[in-house]
Each structure stands twice: as C-alpha cells, then as structure tokens.
Amino acid sequence: MKKTVLFFGSFNPIHKAHLSIAEYILEKNLGDELWFVVSPQNPFKPPEGIAPENDRIEMVRIAINHSKYRDRMCASDIEFDMPKPSYTIDTLRKLWKIYPDREFSILMGSDNLALFRKWKDFDDIIENCRVFVYTRGGYPLNENILSLGDIVTLDNAPVYDISSTKFRSMLRFGEDAKEFLPDGVFNYIKEKNIYATSNNDR
C-alpha cells in the first residue's frame, strides 16, 4: 500500500518553508509521496483577499518542479469542486473512496495542531490517520493533544519563522521577497500582478 502524506494549505503563496518541510518528509522516507492539497477556503480564515485558487495551485506546481523530490510530489486540486469552506475530514473521505489502495497521513504545523480539537470530526481524522507535526514559532506542542492518537512530532525538521502573510506584505510594498520563495514563484507573482496593491490583502 502506497503511503501518501497530505500537506493541506492555502499556499498563498507557497514559500521555501513549505517546500523544505515537504522535502524533509520525503528525505526521511516518512511517506512514499507527498501531495500539496490546495484549499480554496480555510474554515478558520476569512474568504476575502485570498489569491485565485488556480494561481495558487500553479505556484505550487512551479515550486514542485524545482524540488529534488519533484517525482514524489504533486499539487492536488481535489478540493476545488467541493463545498466551501474546505474541511479536512470531507476531503479524506473522498480520497479514501477514490484511492482505497493508499494509506493517507497528514502533515501540519503546530499552529494547526493547537486548533485540532475545533476541526470538523477531528476524532475521525485521528482514528484513521497518522499526523506529522512540525514546529511553528510561537506555537509550542501541547502534550494533551499529542496524546490523542498517532501524532508524530518532527523534532529535527527545519523550522522557519516566516509566513505567507509576511511575504504578501513584502510583495505589496515593493520589498524583495524573492529569496524566501521557491524558484519561479516570485516571477509568476510579478507577471500575474497577484499581490500588487494594499487592497489585495491576500
């Protein structure tokens, strides 16, 4: 059974921290492959100001193409035709039905783990999926949550104190965020004028 790690996110935009943690998963053989699942709308974030989903998934594809593990990664649009906002358990149920021969696990940051009890049917997720957790600055790991099920902390994973929000701000105000973005993503953003003005709070 092929082991597939699902990395859910808005990826607005994808940056080097996203790519580094994904590569770490594959380097350590914690999964046979990793799918970036681009979410049209996160239930914990307002829908306003997010870049078009087709642009976000294209940026993910560009980033993957520059990864040394590009043959083991893919960008998934499975949530694009599902009701909004996107709930992880609904996506998992769809994936379980389509791919009965795959074993799915989830990759998330400690910031998301802190909200895990608020997720829709989180108990079904933890009962059926292994969860890999990497540390995000300001979000220490909660031992009570870690005891819920098969939650694996990635103690040696790369840690970055950067976020998509920071990059969007830099891009809007003309600061050069290129060094923090995977090759090709910065050029795509500039060409498409995605984060050009302060009114585009994506």
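Start by colouring the chain by pLDDT. The average is 87, and 85% of the residues score at least 70. Then select residues 198–202, where the pLDDT is below 50. In the model this stretch has 16 contacts beyond near neighbours in sequence. Where pLDDT is low, the predicted coordinates should not be read in detail.

Next, turn to the salt bridges, of which the model has nine. Three of these pairs follow.

Select Asp-55 and Lys-192. Their closest N and O atoms are 3.8 Å apart, and the two form a salt bridge. Asp-55 sits in helix H2 (residues 53–65) and Lys-192 in helix H8 (residues 185–192), so the bridge ties together parts 137 residues apart in sequence. Asp-55 is buried, at 12% relative accessible area, whereas Lys-192 is partly exposed at 46%.

Move to Lys-94 and Asp-81, whose side chains form a salt bridge at 3.1 Å, N to O. Lys-94 belongs to helix H3 (residues 88–98), while Asp-81 is in the loop between strand E3 (73–76) and H3; the pair therefore ties together parts 13 residues apart in sequence. Lys-94 is partly exposed, with 26% relative accessibility; Asp-81 is exposed, with 62%.

Stay on helix H3 and select Arg-93, together with Asp-124 in helix H5 (residues 122–128), 31 residues apart.

Methods: Residues numbered from 1 in each chain as written. Predicted model: local features only at pLDDT ≥ 70, side-chain atom pairs only at ≥ 80, totals over all residues. Heavy atoms only, no water. pLDDT = per-residue confidence, 0-100. Contact = heavy atoms within 4.5 Å. Salt bridge = Lys/Arg side-chain N within 4 Å of Asp/Glu carboxyl O. Helix = DSSP H or I, 4+ residues; strand = E, 2+ residues; numbered from the N terminus. Buried < 20%, exposed > 50% of the residue type's maximum accessible area, 1.4 Å probe, protein only.
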